[in-house]
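Please read this note with the model open beside it. The points run from the whole chain to single residues.

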Amino acid sequence: MVQVAEIGVPVLEGTDHVELWVGNARQAAYHYRTAFGFDVIAYAGPETGVRDRASYVLQQGKVRLVLTAPLQPEGDIADHLRLHGDGVRTIALRVEDATAAYEAATARGARSVAEPSRAEDEHGVVTWASIATFGDTIHTFVERNEYSGVFWPGYRADNRSGGGVGLRFIDHTVGNVDTGKMDDWISFYSEVFGFSVFQEFDEKDIATQYSALRSKVARDPRTQITMPINEPHVGLKKSQIQEYLDYYRGSGIQHIAVHTDDIVSTVQEMRDRGVEFLTAPGTYYDALGDRAAGIDEDLDRLRSLNILIDRDDDGYLLQIFTRPVGDRPTLFFEVIQRKGCKGFGKGNFKALFESIEREQAARGNL
Ligand code: FE2
């Protein structure tokens, strides 16, 4: 019998793309282009010989989103959409050798979703394979060293600028899982990928008067790919994580955090373009005290934009969360700027969760 310890972990190079399965990819692409500033760089659909789906590839900095909608009611995409609504299907990981990464991951306990295969066109070859993670979410290993096309074989180049709002790279992607399952999925990332557990919070850290959650952070020491995992904790009322699980009908990606070098101008631009953000109460800024000492930004400007501040021994971070991007209270985005701080805004959790709870209450789910 093969010992897991003898098989190396999959060697990752970074996040290749995040694919969302959505009800209307054309309109979603318009939204992420006009409101979030992404360029539309590639397209695949009936016009390119793909019969069952339409996909738009969007890029800003190193952040690449693929938006895919089904063209018929049968099949995996339509099934996923009916159950989950719009949501993240895959977090695709760039690797040098997709076959080796897949074999390592499955030997170390990951469930196979798609065995290694090659996609080819006149621009070269992409080799890819997929494994399951929580819920219906997957990771796809992407090997593209021998591919020079705009995205993937079968896609044609598109060239519609979104203008950019300063989004640069994915800082972290967060999963929500069922009560009692957080440790299992943290172990999954540790055992299958060799991630280390970077930081953790329990219900005492992340609790308001009403609802609570637990969270641990798994991180690849090599690439810094970061996957926090949340689970609901029973509070006086329904945890925001439970609300997500109820509407998503299971585990899935809760938010995608994207880094900017200038959060004030990024958030101002996104607001001007119509992105809706969560609000912080005025008392949050009055109570900041030492957390706001010595920051480079104008506090009044942060207050007017509802940007939150937290710090640790290494520095501070600025962050803000969008409202859910779809009708179900599931997936949202975070905009984050780190100035040394390696944390996730623990000092903001109370204000943040009270803000989410105000929205939950408005939906009748608190
Ligand atoms: Fe986050």
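1. Basis. This is a predicted model, in which local features need pLDDT of at least 70, side-chain atom pairs count only at pLDDT 80 or more, and totals for chains, interfaces and linings use all residues. Residues are numbered from 1 along each chain as its sequence is written, and side-chain values use heavy atoms, with hydrogens and water left out.

2. Overall fold. The chain contains 17 strands and 9 helices; helices (H or I, at least four residues) and strands (E, at least two) are DSSP runs, numbered from the N terminus. The radius of gyration is 20 Å, close to the 21 Å given by the globule rule for 366 residues, so the chain is as compact as a globular protein of that length. That radius is taken over C-alpha atoms, and the rule is 2.2 Å times the number of residues to the power 0.38. Along the principal axes, the C-alpha atoms fill a box of roughly 60 × 50 × 40 Å.

3. Burial and contacts. Of the 366 residues, 54% are buried. Buried means under 20% relative accessible area, exposed over 50%, and partly exposed in between (1.4 Å probe, protein chains only). Taking contacts between residues at least 6 apart in sequence, 68% join residues at least 24 apart; a contact means heavy atoms within 4.5 Å.

4. Metal site. Which residues hold the iron ion? The ion is coordinated by H172 (NE2), H255 (NE2) and E334 (OE), at 2.0 to 2.2 Å. Their spacing in sequence is H-x82-H-x78-E. H172 in strand 10 (residues 167–176) and E334 in strand 17 (residues 332–339) link distant parts of the chain, being 162 residues apart. Both H172 and E334 are buried. Donors are N, O and S atoms within 2.8 Å of the metal (3.2 Å for Na, K and Ca); water is not among the atoms, so sites may look incomplete.

5. Positive phi. Most residues other than glycine have a negative phi. R249, not a glycine, has a positive phi of about 60°; R249 sits in the loop between helix 5 (240–248) and strand 14 (252–260). N306, also not a glycine, has a positive phi of about 65° and lies in the loop between helix 8 (299–305) and strand 15 (308–312). Are these residues buried or exposed? R249 counts as exposed at 59% relative accessibility, whereas N306 is buried at 12%.

6. R168. This residue belongs to strand 10 and is partly exposed, with 36% relative accessibility. Leaving aside residues up to four places away in sequence, R168 touches Q60, G61, K62, V63, V258, H259 and D261.

7. P232. Strand 13 (residues 226–233) holds P232, which is buried at 3% relative accessibility. P232 and A212 are 20 residues apart in sequence, and their C-alpha atoms are 6.4 Å apart. Apart from residues up to four places away in sequence, the contacts of P232 include A212, L213, S239 and I241.
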